[in-house]
Amino acid sequence: MDSEINLKSQHSEIRSFVLFVNTTQREVDVFWVNYSARLIHYTMLTPGAQCMVNTYVTHPWAFKDRVSGERMHVRHQPVYLPEPYYRNFDSTGRLARKEIKIHFPVRTLTENCLWRILALVPEQDEENLLRELEIPRVLIHELAMLRKNKAKRI
């Protein structure tokens, strides 16, 4: 899975109860990372939607923009690792579900521009269209790498 090569679910008996909240203005796919390090689609959250998940502390979760395939973040990280249920209490001292806010990743201006160009340029004639834009070769190379990584993630 992307750069998290050894990231996969492990056996655990320690449970975790979470509430994933989509704080973005995008549809976000929620994935559980299984025991073979594969992304298993769990659900899709519309903007502002939420879902309750009963999971385990050794079960990673990942989130992707449904349209672009870009990874969304939780606590500024591309993967969420649940905390033990016994660490989450509400104001009255009762055990509570941990609210986990899915958010847009913080990107540089260059990264924002590259993602926008990728969204506007169709894949089938990408090379010719990028040449027509008369942008520096280094940016064309970065766009190609971004497209390649995007295709690998989906």
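Reader: Why does Ser 16 count as buried?

Author: Its relative accessibility is 0%, and since the label applies under 20%, Ser 16 counts as buried. This is a value computed from a predicted model. Ser 16 has its place in strand β1, residues 15-22.

Reader: What does Ser 16 touch, not counting residues up to four places away in sequence?

Author: Ser 16 touches Val 53, Asn 54, Thr 55, Tyr 56, Val 57, Pro 82, Glu 83 and Tyr 85. With Glu 83 there is also a polar contact, because the side chain of Ser 16 reaches the backbone oxygen of that residue at 2.6 Å, and the cut-off for such a pair is 3.5 Å.

Reader: What makes Asn 34 count as buried or exposed?

Author: Asn 34 has a relative accessibility of 13%, which is set against the limit of 20%, and therefore Asn 34 counts as buried, although its place is in the loop between β2 (28-33) and β3. Leaving aside neighbours within four places in sequence, Asn 34 is in contact with Lys 8, Ser 9 and Ile 40. Asn 34 and Leu 7, which are 27 residues apart in sequence, have their C-alpha atoms 9.0 Å apart in space.

Reader: How do you know which backbone nitrogen lies 2.8 Å from a polar atom of the side chain of Asn 34?

Author: The computed distances give the backbone nitrogen of Ser 36 at 2.8 Å, while the backbone nitrogen of Ala 37 lies 3.1 Å from a polar atom of the side chain of Asn 34. Both values fall within the 3.5 Å set for polar contacts.

Reader: How many aromatic pairs does the count come to?

Author: The count comes to 7 aromatic pairs. One of them joins Trp 32 and Tyr 35, whose ring centres are 5.7 Å apart, within the 6.5 Å required, and whose planes stand at 80 degrees, over the 60 that the edge-to-face label asks for, so the pair is edge-to-face. At 43% relative accessibility Tyr 35 is partly exposed, because this value lies between the limits of 20% and 50%.

Reader: Why is Trp 61 called buried?

Author: Trp 61 has 3% relative accessibility, which is under 20%, and so counts as buried. Tyr 42, by contrast, has a relative accessible area of 43%, and this makes Tyr 42 partly exposed.

Reader: Which residues lie nearest the centre of the second largest pocket?

Author: They are Arg 26, Ser 68, Trp 115, Arg 116 and Ala 119, from a lining of 11 residues. The pocket has a volume of about 230 Å³. Helix α1 (residues 109-120) gives the most to this lining, with 4 residues, and the lining divides into 4 nonpolar, 1 polar and 6 charged residues.

Reader: Which pattern does the protein follow along the sequence?

Author: The pattern is β-β-β-β-β-β-β-β-α-α-α, with 8 strands and 3 helices. Of the 154 residues, 38% count as buried.

Key:
Residues are numbered from 1 along each chain as its sequence is written. This is a predicted model: local features need pLDDT of at least 70, side-chain atom pairs count only at pLDDT 80 or more; totals for chains, interfaces and linings use all residues. Side-chain values use heavy atoms; hydrogens and water are left out. On a 1 Å grid over the protein atoms alone, a cavity is a set of points where a 1.4 Å probe fits but cannot get out, and a pocket is an open set with protein on both sides within 12 Å along at least five of seven lines; lining residues have an atom within 4 Å of a point. Grid points are joined across faces, edges and corners, and a volume is the space filled by probe spheres set on the points. Helices (H or I, at least four residues) and strands (E, at least two) are DSSP runs, numbered from the N terminus. Ala, Val, Leu, Ile, Met, Phe, Trp, Tyr, Cys and Pro count as nonpolar, Asp, Glu, Lys and Arg as charged, and the others, Gly among them, as polar. Buried means under 20% relative accessible area, exposed over 50%, partly exposed in between (1.4 Å probe, protein chains only). A polar contact is a pair of N or O atoms within 3.5 Å; within protein, one must be able to donate a hydrogen and the other to accept it, and residues adjacent in sequence count only if both atoms are side-chain atoms. Contact means heavy atoms within 4.5 Å. Rings of Phe, Tyr and Trp (its six-membered ring) pair if their centres lie within 6.5 Å; planes under 30 degrees apart count as stacked, over 60 as edge-to-face and the rest as tilted.
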